[in-house]
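Hello,

Here is the structure I promised to pass on to you. Please have it open as you read, and my notes follow just below.

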Amino acid sequence: MSDDFFPVPDSWATGALMDRAGREADYARSIDDADAYWLERAKRLDWITPPTRANESSFAEADFGVQWFSDGVLNVSANCIDRHLADRADETAIIWEPDSPDADPRRYTYAQVHAEVCRLANVLKAAGAKKGDRITIYLPMIPEAAFALLACARIGAIHSVVFGGFSPEALAGRIIDCDSTIVITADEGRRGGKAVPLKVNVDAALKECPSVRKVVVVKATGGAVTMKDGRDLWLHEEAATVSADCPPEPMKAEDPLFILYTSGSTGKPKGVLHTTGGYLLWASLTHELCFDYRPGDIYWCAADIGWVTGHSYIVYGPLANGATTLIYEGVPNYPTPARIWQVVDRHQVQTIFTAPTALRALMKEGDDFVHSTSRKSLRLLGTVGEPINPEAWRWYHHVVGEDRCPIIDTWWQTETGGAMIAPTPGATDLKPGSATFPMPGVVPQIVDGEGKVLEGATEGNLVIAGSWPGQMRTVWGDHERFFQTYFSTFPGKYTTGDGARRDADGYYWITGRVDDVINVSGHRMGTAEVESALVLHESVAEAAVVGFPHDIKGQGIYAYVTLNSGEEANDALRKDLVKWVRTEIGPIATPDAIQFAPGLPKTRSGKIMRRILRKIAEGEVSAQALGDTSTLADPSVVDNLVANRQG
Ligand code: WT7
């Protein structure tokens, strides 16, 4: 087992924010004296009115609700910017690394970020934005993306960021769901040398969105766009007409901060709502603990601001802590697989935080690209988004980090606001593939199918026994769905949807989703969403989508499609269906395999037996693997499916 165990390295054994005993004592206090602990921790933020109450949440149906620091008042943007101005006005808040290595990086000091955010906030106000309004942000990875989040927070508007890779159709659905009145976008994005037509997509989406009154457009690439009179505004023109000062709006701790849409196992994407005080505390505390953050550290989270990782660990967590946060416009392997490490060298990055799928893609290209760079500045290597396979973990640790940098594998979800189970570098001996131990105040439990709590070394469903400050507060517009989705399966507990194992040393190992959510390149996708897109196609009668193991993506998308009678199953239609899903949802939902199926395996009550579809997609087609098929309405469909398996 010694090979599988990586003790805290000497370089981290002393001087870390928490050593092992310190972490254990801190955790114990967070549980035993929770309210006092959290009121103390809350002091890391600047409050206009400090809270006197901490956790007032209940997961029970009778008095259900999640609430923290309810009498506190603060502003998130003031916490991320203004409070650093006294000491750190001229220090770099944001480093921007453009897509092309030949273009010049940009740097913004805290004072400059203050001015940019205030101007954008004033532009939004002039465009009619008020506290509580929803503003949709559809931007590439440019500094304005961070300014946009902070500008909304400054005036108390609720932002809803939509990832730039989503289609006009998906964008429209998210605008309509929360009735956004303003959209912030750019002429184009740039990724891996290619232009992304953001403004064109917005124009297409807005045909279906009557609630939108104004579109604020950032000139990012200078690409040609059409501007609609009376609706569309160039940010640089408007910003020149407003003041560079905008007083932050005092917000109650439980006032909404943002909505972020994420996929579930059923229905359309849910608008996960996070609020002001608890979320910011969670993002900033977990950023500090997981990455042992110290003032002056140069930190790079290589996620997209369109996902929660970007919200919590590019923008809110690091800026609340006064860090220098790097925003990278492009992709890790452009123009070559050495790029990510070249950026590390160029900006002397100390902590990098990325996803297993990126590591697997880079690993495949060989070690020479890594060895062509120095990486001496690196001290910590973070990972997030899906279980990291031990092979990728070892490569990250040995080849990238030259055995000196702990791997911080953070398990969490859009719903949790920030890291829930993760190592801290000075305290945690690591095991490749384990996210290790809970963060302060987090009580993970493993339960069986009936909800019985399993003790000791065991495996089952991962639930969280009580609330934590960063927990989501509701599903936008559907509080009942919030309760039903997360608190009804195992009453009194938050259901994560993940499976987990706990080993004899108490380490947690996330085993993957136990519901119909799949994880494609660290992007969460509901199989139901892909199915809905497929059945909208005129040739399709029925569709069933499952995940299957994929070397680089972690999971791939495998679709079984039953055509309307008279339709011909051929490669042209297969291509057309792939294209169709890309336009309905976006490239991240591209099916990897489409199998035409005259019939799907259904029970006599009409329920599709996904277990069988999963096995066939995985290539496990022995009678033993497929299990009992006698309860199917027509067991012979299985033979047809096996015979026509794709890939
Ligand atoms: C799902 C949440 C966490 C922010 C990015 C994804 C999976 C996430 C890990 C990890 C194993 C992980 C889980 C989770 N996941 N991080 N370190 N180890 N699995 O957020 O889109 O809300 O997806 O991602 O299955 O439920 P998300």
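Let me begin with a cysteine: C405 is buried, with a relative accessible area of 0%. Please keep in mind throughout that this is a predicted model. The cysteine sulfur closest to that of C405 belongs to C290 and is 16 Å away, which is too far for a bond. C118 is likewise buried, and its relative accessible area is 0%. For C118 the closest cysteine sulfur is in C246, at 5.5 Å, and that is also too far for a bond. A disulfide would need the two sulfur atoms within 2.5 Å. Searching the whole structure turns up zero disulfides.

On the α7 side the contact is made by A146, L149, L150 and A153, and on the α12 side by H311, V315, Y316 and L319. Sorted by class, the contact of α7 with α12 has seven nonpolar residues, one polar residue and no charged ones.

Just after α12 comes G322, with a positive phi of about 75 degrees.

The second pair is α8 (residues 168-178) with α9 (residues 198-206). Here the axes come within 8 Å and cross at roughly 55 degrees, which makes α8 oblique to α9. α8 passes α9 in a right-handed crossing. The residues that meet are P168, L171, A172 and I175 from α8, with N201, V202, A204, A205 and L206 from α9. By class, eight of the residues in the contact of α8 with α9 are nonpolar, one is polar and none is charged.

The phi of E402 is near 45 degrees, a positive value in a residue other than glycine. E402 is partly exposed, with a relative accessible area of 32%.

S521 is another residue to check. Its phi is near 50 degrees, again a positive value in a residue other than glycine. You will find S521 in the loop between β25 (517-520) and β26 (523-526). S521 is partly exposed, at a relative accessible area of 22%.

There is also a cis peptide bond to look at, and it joins Y334 and P335, with omega at about -5 degrees. P335 lies in the loop that runs between β15 (324-328) and α13 (339-347).

Which strand holds A195? It is β8 (residues 194-196). Leaving aside neighbours within four places in sequence, A195 is in contact with E188 and G189. A195 and G223 are 28 residues apart in sequence, and their C-alpha atoms are 8.8 Å apart in space.

The other alanine, A528, lies in helix α18 (residues 527-535). Is A528 buried or exposed? A528 is buried, with a relative accessible area of 17%; the cut-off for buried is under 20%. Not counting residues up to four places away in sequence, A528 touches S265, T266 and G267. Between A528 and K199, which are 329 residues apart along the chain, the C-alpha separation is 28 Å.

Happy browsing, and do write back with any thoughts.

Best wishes

Note on methods
Residues are numbered from 1 along each chain as its sequence is written. This is a predicted model: local features need pLDDT of at least 70, side-chain atom pairs count only at pLDDT 80 or more; totals for chains, interfaces and linings use all residues. Side-chain values use heavy atoms; hydrogens and water are left out. Axes are lines fitted to C-alpha atoms, for helices over the stretch in contact, and angles run from 0 to 180 degrees between N-to-C directions. Helices (H or I, at least four residues) and strands (E, at least two) are DSSP runs, numbered from the N terminus. Angles under 35 degrees count as roughly parallel, over 145 as roughly antiparallel, 65 to 115 as roughly perpendicular and the rest as oblique. A crossing is left-handed if the near helix is turned anticlockwise from the far one by less than a right angle, and right-handed if clockwise. Contact means heavy atoms within 4.5 Å. Ala, Val, Leu, Ile, Met, Phe, Trp, Tyr, Cys and Pro count as nonpolar, Asp, Glu, Lys and Arg as charged, and the others, Gly among them, as polar. Buried means under 20% relative accessible area, exposed over 50%, partly exposed in between (1.4 Å probe, protein chains only).
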